[in-house]
Amino acid sequence: MTSVPAPHPALDPARLATPQGWRVEIIETTLSTNALVAERARAGEEAGLVVVTEHQTAGRGRLDRVWETPARAALTFSVLLRPDAPSHDWPWLPLLAGYAVQAALADRLPDIALKWPNDIMVEERKIAGILVERIDTPQGPAAVVGVGINVSQTLEELPVALATSVELETGEPVDRTGLLGQVLGSLHGLQGLLLDPEALRTAYADVCSTIGRVVDVHLPADEVRRGEALDVDARGALVVSSADATFTVGAGDVIHVRPQQ
Ligand code: BT5
C-alpha cells in the first residue's frame, strides 16, 4: 500500500497574530508578492501592507533568479516599508530582514545561520531567502521586503539539492499560521534596528556563518575572487582577505569553500 501525503492545510487568517499597524492580506495565488506589493506601493499604498500568497507561481530571487515553492507548503509574502532611516543605511535592509527571519526560526532550528548577505541556512542547506527591492513611489522611496520560507516541503518538493524545509529539519509538523505570525512579529519588532546600524552590525555578525570562512566571491562581471571572510563593515559589505589584498564586497554572491572548523 502506498501512503498519500496529507494535504497541506490553508493559512487561517482568524488565528494570525498581526503586528500593530500592519495589514495582512492573504491571497490564493499570484505571480510574485514582491511585484504585487510594488504595484500597490506605486499606486500610493501606505507602509505596513503585507501580502501573503498560498501559491506563488513566478517567485523572484535576486539577480533575475527564481524562487520556487509548491502551493501551501511555504510562506511567501512581502511587506511594504517606508523606512525613516537615511538613504545611506538602506543597504542594511536586506541584511536586517534576513536577521529577523533567522531570529524567528531560531527557537525551532538552533543550527540556523545567515550566509552573507541574507540566505537563511541550516548548515549548507537553504531554508529561506529574502528579496528586498527599493522602488520609487509618489510618496517617496519605499522598500518591498520579500520573504520565502520553506515550511513543509518534502525533499522531492524542493527545487534544488542544497535546500531544506522547517519540517524536514525538525521532523515535526509546523503550523504555518503560527510561524507566519512569529516571522511578522520579528520583522516588525526588529525594523527599528535600521536606525542603529552599529547594533545591527554586531547582531548580524553574531549569526553570520560566512565570517571566518574561506569563500569564493562571485562578482557581477563573472569575476571570482577567493579569500577569507573577516567581517561585515559599517555599510553591511563583506570584508574579505585574499593573498594579495583585503577587499570589500557590497553586492554579489559568496560560496562557502571549506566547511566550518
Ligand atoms: C532569494 O534569491 O533567495 C530570494 C528569494 C525571495 C523569495 C520571496 S517569496 C516572496 C517574495 N516574492 C517574490 O517574488 N520573491 C520574494 P537568491 O538568493 O537569488 O536565490 C535564488 C536561488 O535559490 C535559485 O536560483 C535556486 O538555486 C534556489 N532556490 C529557488 N527556490 C528555492 C527554494 N524554495 N528553496 C531553496 N532554494 C531555492
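A polar contact is a pair of N or O atoms within 3.5 Å. The views below show a predicted model.

**View 1. Polar contacts between the protein and the ligand.** An oxygen atom of the ligand lies 2.9 Å from a polar backbone atom of Arg62. The ligand also has a nitrogen atom 2.9 Å from a polar side-chain atom of Asn150. At Asn34, a backbone N or O atom is 3.4 Å from a nitrogen atom of the ligand. On its own the ligand has 800 Å² of accessible area, and the protein covers 92% of that area.

**View 2. The residues around the ligand.** How many residues surround the ligand? There are 28, and the closest are Ser32, Arg60, Arg65, Lys126 and Asn150.

**View 3. The largest nonpolar core.** This core has 58 residues, and Phe77 and Ile149 touch the most other members. Helix H2 (residues 93-105) supplies the largest share, nine residues. Domain 1 (16-206) and domain 2 (214-256) each contribute at least three residues to this core. In soluble globular proteins, nonpolar side chains tend to be buried together.

**View 4. Ile149 and its contacts.** Leaving aside residues up to four places away in sequence, Ile149 touches Ala74, Leu75, Val101, Leu105, Ile127, Ala128, Val166 and Val183.

**View 5. Thr210 in its loop.** Thr210 sits in the loop between helix H5 (197-207) and strand S10 (214-218). Is Thr210 buried or exposed? Thr210 counts as buried because its relative accessibility is 0%, and the cut-off for buried is under 20%. The side chain of Thr210 makes a polar contact of 2.8 Å with the side chain of His256. His256 is also one of the residues that Thr210 touches when residues up to four places away in sequence are not counted.

View 6. The chain is divided into domain 1 (16-206) and domain 2 (214-256). Taken over C-alpha atoms, the centres of domain 1 and domain 2 are 24 Å apart. Domain 1 gives 13 residues to the contact, and domain 2 gives 15 residues.

Definitions and conventions
Residues numbered from 1 in each chain as written. Predicted model: local features only at pLDDT ≥ 70, side-chain atom pairs only at ≥ 80, totals over all residues. Heavy atoms only, no water. Core = buried A, V, L, I, M, F, W, Y, C linked by side-chain atoms within 4.5 Å. Buried < 20%, exposed > 50% of the residue type's maximum accessible area, 1.4 Å probe, protein only. Helix = DSSP H or I, 4+ residues; strand = E, 2+ residues; numbered from the N terminus. Domains from an automatic or database assignment. Contact = heavy atoms within 4.5 Å. Polar contact = N/O pair within 3.5 Å; in protein donor to acceptor, adjacent residues only side chain to side chain. Near = heavy atom within 4 Å. Areas by Shrake-Rupley, 256 points an atom, 1.4 Å probe, with all protein chains shown as cover.
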